[in-house]
Amino acid sequence: MNPCKILLVDDERFVLSMLAQGLRNVGYQVFEATSGQAAMIFAEDVKPAIAVVDIRMPGMSGIEVGRWFRKQEVPFLFLSAYDDSETVKVAIEEGALGYLVKPIDVPQLLPAIHTARERAEEIKKLKETEAQLSMALRGSREISIAVGLLMERYRLTEREAFEGLRTHARAQRCKLNHLARNIINAGEQLNCISVKVRGGERS
């Protein structure tokens, strides 16, 4: 298995070197950038699993770098010597998966990286599910109707209903369209039974 790629971005060379060496010692493949421009070049070239970015840098700020990373779908967390609420708020709004206050050492950084990577994977899976949902609903009227029935009957969100439908289809080893058709047919049968029962009660 290839080592996880981490991009460190900090204009303080001592901090950069210390963190990079510590991360290499525990098995990470580390790339170092001392400016925002260099970080962008590295990111396009090596495609890191995660980036750790200092917020306050001359020239292109860490916030600007993070904004660019977000557009490129590169997960990142921020380092900063400042912990004021306004800076933290901006960091979160820009999509940072973590915010660490300097001074910091590798034992403190490792769990933050681990947590950020897990969160990034969750976000990736969520986006994939939403993309599959959108494609499925556009491509199949039956799936769209079945999702709507599940949403109404069990008070689910659209994504929850689709995920449940897909999971059950996999468990039953059947196609999504086939399962959706069965759900629609079952719903129609239940409606017929309900109408007959109510009609009998009135008579």
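Tutor: Helices (H or I, at least four residues) and strands (E, at least two) are DSSP runs, numbered from the N terminus. Two strands pair if DSSP finds at least two bridges between them. The model is predicted, so local features need pLDDT of at least 70, side-chain atom pairs count only at 80 or more, and totals for chains, interfaces and linings use all residues. Residues are numbered from 1 along each chain as its sequence is written, and side-chain values use heavy atoms, without hydrogens or water.

Student: Got it. What order do the strands have in the sheet?
Tutor: The order is S2-S1-S3-S4-S5. The sheet is open, has five strands and shows parallel pairing.

Student: Which strands are at the edges?
Tutor: Strand S2 (29-33) and strand S5 (99-101). Each of them pairs on one side only. From one strand to the next, the twist averages 20°.

Student: How many bridges link S1 and S2?
Tutor: Five, and the two strands run parallel. Leu-8 is opposite Glu-32 of S2 there. To get from S1 to S2, the chain passes through helix H1 (residues 13-25).

Student: And S3 with S4, how many bridges there?
Tutor: Four. Strand S3 (residues 50-54) and strand S4 (residues 76-80) pair in the parallel sense. Val-53 has Phe-78 of S4 opposite.

Student: Which strands does helix H3 touch?
Tutor: S1, S3 and S4; a contact means heavy atoms within 4.5 Å. Helix H3 covers residues 62-72 and packs on the sheet, touching those strands. Its direction makes about 175° with that of S4. Angles run from 0 to 180 degrees between N-to-C directions, with axes fitted to C-alpha atoms, for helices over the stretch in contact.

Student: Where does helix H2 lie?
Tutor: Helix H2 (residues 36-46) lies across strand S1 (5-9) and S2. H2 runs at about 150° to S2.

Student: What angle do H2 and H3 make with each other?
Tutor: About 20°, with axes 10 Å apart. That makes H2 roughly parallel to H3. The cut-offs: under 35 degrees is roughly parallel, over 145 roughly antiparallel, 65 to 115 roughly perpendicular and the rest oblique.

Student: Which residues make that contact?
Tutor: H2 gives Gly-36, Ala-39, Met-40, Ala-43 and Glu-44. H3 gives Val-65, Trp-68 and Phe-69. By class, six are nonpolar, one is polar and one is charged. Here Ala, Val, Leu, Ile, Met, Phe, Trp, Tyr, Cys and Pro count as nonpolar, Asp, Glu, Lys and Arg as charged, and the others, Gly among them, as polar.

Student: New topic. At what angle do H6 and H7 cross?
Tutor: Roughly 115°. Helix H6 (residues 141-154) and helix H7 (residues 158-172) have axes that come within 9 Å. The two are therefore roughly perpendicular.

Student: Which residues meet there?
Tutor: Ile-143, Ala-146, Val-147, Leu-150 and Met-151 of H6 meet Glu-158, Ala-161, Phe-162 and Leu-165 of H7. That contact has eight nonpolar residues, no polar ones and one charged.

Student: Last one. Where is the cis peptide bond?
Tutor: Between Lys-102 and Pro-103, with omega about -5°. Pro-103 sits in the loop between S5 and helix H5 (106-139). Glu-73 is in the loop between H3 and S4.

Student: Why point those two out?
Tutor: Because most residues other than glycine have a negative phi, and most peptide bonds are trans.

Technical notes: A crossover is right-handed if, with the strands pointing away from the viewer, the path from the first strand over the helix to the second runs clockwise.
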